[in-house]
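Subject: Structure for your review

Dear colleague,

Please find the structure below, together with its sequence.

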Amino acid sequence: MKKHVYYLSFLFLFFATALQSYGQGVQITGKVTDATIGETIPGVSILVKNTTTGTITDLNGEYSLEVQIGSELVFSFIGYETQTIVVGQQNIINVDLIPAVTGLDEVVVVGYGIQKKSDVTGATATLDEEDFNSGVVVSPAEMMQGRISGVQVTMNSGEPGAGSAIRIRGNSSVRANQDPLYVIDGIPLNITSMSPGAVTVAGVNASAKKDPLGFLNPDDIESITVLKDASATAIYGSRGSNGVILVTTKKGKEGKGQLSYSYYAGISNLPKKLDLLSSEEFINASNENNLGLTDMGKTTNWQDEIFRTGITQNHNLSYVGGTDKSNYYASFGYMNQDGIVNRTGIEKLTGRFNTNQKFFDDKLQITTNISVSRTEDARVPIGETGGYEGDALISALRGNPTFPVFNDDGSYFQYSSTYRNPVAMIDLTNDNTFTDRILGNISASYKIFEGLTYKINLGIDHTNVTRKMSQNNELTYLVNNGQASIANMEFDNQIMENYLTYNKQLNNDNNLTVLLGHSYQKFDEKGYNLIVDGFTVEGVDYIDNLGYGNFTDAISGSFKQQDELQSFFTRLNYSYKSKYLLTATLRADGSTKFGGNNQYGYFPSVGVAWRLIQEDFIKDLDIFDNLKLRVGWGQTGNQEIPGKISKLLIGTSANANYFFDGENLSTGTTFIRTPNEDIQWETTTQTNIGLDFGFFNGKLSGNVDYFYKETKDVLLYFTSLLPAPAFDMWQNVEDMRIKNSGFEVNLTGVIIDKKNLSWNTTLNFTTINNDVQNLKLDLIETGVASGAGLSGTRVQIIKTGYPIGTFWGKQFLGYAEDGTSIYKQDADGNDVKEDLGSALPKFTLGLYNAFTYKNFDFSFFINGVFGNKVYNNTANAMFSMPSFSKGNNVTNDVLTSGESIDNTPEFSSRFIEDGSFVRLSNATIGYNIPFEGNGWIQSIRLYVTGSNLFLITDYSGYDPEVNTSGEYDGVPSMGLDYTGYPRARTIQFGINAKF
């Protein structure tokens with residue numbers, strides 16, 4: 001993809017030619033300062049009214065501009081009131097900008113509209129560009145990790161572009177998808193996984209889940225708003241129970257066109273290696289235990305052989321400008337990130353063009369948002385793409401350190417089909433996924449008369465994903481020589497929305513806003529796959545030459561599915577004296593995913609707020625800058641379930657086959673799933689009580705929230721009661737409840753605010769309690785353990801009285817004198833299984849600090865997760881004396897554990913570890929280069945950022961932040977670590993420039 005660098009050069013020249021020159025006239029100079037403290041303000045926009053001519057102040061707050069006498073100069077800056085000054089005969093115009101009243105008058109994004117922050121009654125949180133996490137960021141999920149209370153972001157692995165598990169206020173379902181709804185510039189995305197599977201020698205596997213927002217360029221994002229309680233999310237009805245994340249991209253702005261360019265380069269490496277035996281330690285231990293393990297006399301550190309130093313580079317170019325009638329934002333981005341495992345990485349190209357145009361005296365406004373992206377993921381057989389013997393990381397960790405990497409003739413050393421060379425596995429496997437995505441919408445709003453506006457929004461989201469994978473026949477463990485597979489998936493998401501908004505100031509005390517709308521959304525999915533083996537030729541790419549394979553044994557398949565969602569919604573906002581606030585919402589959703597008897601669901605909510613700061617008795621205290629009490633209640637649904645599960649399913653199975661003639665087996669069809677037209681929505685009812693506050697003239701502000709949410713009508717997959725056409729069916733468990741409750745705290749403090757020195761800090765804290773009640777079954781098993789000797793082992797359960805994510809197994813007490821395991825037993829001497837802890841944390845914490853001194857800035861962010869457990873599946877599968885006795889390498893602590901080589905390392909609390917950690921997620925030091933005058937360079941900032949700089953934890957694996965899939969029978973798991981791709985430590989150097 002080197003040709004894409006040429007595209008970058010072309011677009012740079014294109015944007016550069018678009019820069020506009022100044023007109024001729026009188027030369028005006030001046031300085032802009034803060035009217036309250038007298039400090040100069042850099043970056044103030046100065047625009048000649050009704051033109052695109054303008055400039056911005058430099059780092060000293062100074063500017064220079066040629067204009068015509070009689071022109072009007074408009075001075076504007078975020079957080080200050082705009083001022084307009086008419087140019088006369090003067091040559092110097094100094095301006096004192098007055099700070100805006102407070103942040104309470106900021107406008108925040110809500111579903112289908114915007115509101116003043118002071119008028120919001122629900123539990124919401126917004127991150128602006130300056131709040132985002134820094135570092136090598138592929139997706140918005142990484143930008144918000146740890147920054148918002150009540151939102152837990154767990155990266156599935158450290159692989160570039162890896163997905164994440166985002167949970168807003170806990171886990172609320174068993175089988176339905178628990179990811180939040182993502183809305184990009186008004187388009188709700190399809191939450192379905194867009195990662196096609198492939199087939200390897202380990203069998204069929206699904207590609208590790210990728211980030212659903214990974215196609216976006218983080219530099220294009222203006223803000224991320226999280227809707228947390230039902231009062232805020234009910235406007236999205238059947239998709240709101242897991243919370244809603246609204247992403248707003250950057251838009252054009254009035255003023256002279258501005259070209260921005262940013263670049264960074266990063267160096268990544270493995271922060272920690274596992275303490276495996278060296279070749280000398282391996283042989284000594286073998287001799288001491290009389291094992292006679294193979295010694296080939298080499299010294300190989302297999303971790304060093306598969307890990308590397310990764311290099312990342314990122315370019316972003318944008319151009320923004322406009323007038324009071326139209327504006328535009330255009331950008332181009334290129335990212336190339338090497339993973340820290342050989343031959344892994346991600347390469348991404350993005351482009352965006354957003355415009356806004358007003359017509360007919362500003363009555364008609366047309367907005368377009370278009371983004372395109374091309375992503376290439378390079379992967380190797382690790383984690384969810386491998387299996388036990390087919391996993392290169394497993395092979396590296398268990399690899400005999402006396403084995404060589406290569407034979408004397410330069411070919412790969414391959415000991416056996418079960419004891420594989422991880423370097424050969426990586427080098428001789430090509431696994432690339434190409435994702436092309438177009439997301440765009442056009443909306444038109446028309447002001448019918450004062451206060452009444454009609455808006456139509458048309459959007460489309462098209463994704464094409466192709467995964468191409470091949471394994472060279474030089475791999476001696478391949479059963480049928482070389483292998484190639486191609487899998488393709490296409491997704492189309494189309495939406496049409498129409499809604500009316502009426503806003504009326506009834507009198508000085510009463511304000512009313514009413515929203516009434518309709519939405520229709522259609523989702524199409526289709527795909528195919530083809531697997532061919534039997535390749536024996538050399539020197540060709542199997543993917544491009546499938547004809548060389550054995551087509552008589554080729555495997556192929558295809559699918560197609562369509563779902564539709566129709567919705568009607570309304571919302572009422574009422575304010576009395578800007579003191580008493582009411583928000584009431586109702587949405588009706590009809591989905592083809594549910595049974596004909598319950599195809600529509602209805603989701604109401606109500607939120608009220610009391611702005612105590614407006615009361616005289618609070619004002620008289622002279623303590624608060626802001627004080628608002630919020631109470632909200634509402635119901636939301638979850639429709640993220642497999643399509644058509646209410647219908648009868650017919651297919652093939654072993655039970656359908658029959659020997660009609662006594663000799664030849666005939667394949668038949670049978671009923672696989674019993675229909676159930678009564679399937680309905682899972683419904684989550686949530687209550688929220690919150691308090692917003694501010695003290696000391698804005699020096700300290702924050703909020704505290706308590707929430708309680710309860711999910712009913714939980715969807716489960718049961719064995720049908722006889723007589724029934726099939727053994728299994730989906731149904732709602734009416735009495736079952738999944739409960740989440742907790743507290744959220746957010747604090748922001750301005751500790752120092754001087755002319756040349758500032759210090760700001762933010763702190764967030766969350767505690768959540770999860771509980772399952774009235775489960776119809778004794779328990780539901782999930783969390784499939786992987787590795788030799790662990791087949792059929794499930795390590796987690798869902799059970800009445802316990803939280804989701806509970807580990808369930810034997811309590812390990814130590815070793816007997818003969819080195820065998822001792823487990824807790826009941827009175828009859830039987831080993832008992834019990835609660836071993838939950839993967840859910842007891843509380844989470846985030847701390848951000850930002851400092852400035854003159855032109856320097858420094859910031860760091862620390863996040864912590866406490867009280868959760870992690871199952872070290874990797875250690876269970878490999879790091880034991882029985883494993884060592886079979887020739888596998890182990891960690892040093894195994895040799896002194898007292899375990900016998902005859903022991904059976906069953907799953908137990910022995911392998912359940914404390915997953916608590918404190919991480920210095922990122923730290924940045926920057927310098928703004930001062931520029932005098934008004935040259936073509938407006939600003940340049942140089943910076944250095946470190947990511948994942950240190951980790952404090954007792955966990956023995958690479959990293960406790962893991963989420964390896966252990967799903968069983970459609971029930972997800974959490975907190976499992978089986979050869980998860982380790983997170984990298986990265987140092988990056990960057991520059992941001994504006995022209």
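The model is predicted. In it, K824 and E834 form a salt bridge, with 3.2 Å between the closest N and O atoms. The two residues lie 10 residues apart: K824 belongs to the loop between β46 (821-823) and β47, and E834 to strand β47 itself. K824 has a relative accessible area of 36% and is therefore partly exposed, whereas E834, at 19%, counts as buried because the limit for that class is under 20%.

Strand β47 also belongs to an open sheet of four strands, ordered β42-β43-β44-β47 and paired antiparallel. Because β42 (780-784) and β47 (833-838) each have a single partner strand, they stand at the edges, and one side of each has no neighbour in the sheet. On average, neighbouring strands here are turned by 40° against each other, direction ignored. Between β42 and β43 (residues 794-798) there are four bridges; V784 has R794 of β43 as its bridge partner.

The structure contains 33 salt bridges. One of them joins R308 and D338, whose closest N and O atoms are 3.9 Å apart. This pair spans 30 residues, from the loop between α5 (302-306) and β20 (310-322) to strand β21 (residues 326-338). R308 is partly exposed at 25% relative accessible area, and D338 is likewise partly exposed at 25%.

R630 and D705 form a further salt bridge, at 3.0 Å from N to O. R630 is in strand β31 (residues 624-638) and D705 in strand β37 (residues 700-712), 75 residues apart; both residues are buried.

Yours sincerely

Terms used:
Residues are numbered from 1 along each chain as its sequence is written. This is a predicted model: local features need pLDDT of at least 70, side-chain atom pairs count only at pLDDT 80 or more; totals for chains, interfaces and linings use all residues. Side-chain values use heavy atoms; hydrogens and water are left out. Two strands pair if DSSP finds at least two bridges between them. Axes are lines fitted to C-alpha atoms, for helices over the stretch in contact, and angles run from 0 to 180 degrees between N-to-C directions. A salt bridge is a side-chain nitrogen of Lys or Arg within 4 Å of a carboxyl oxygen of Asp or Glu. Buried means under 20% relative accessible area, exposed over 50%, partly exposed in between (1.4 Å probe, protein chains only).
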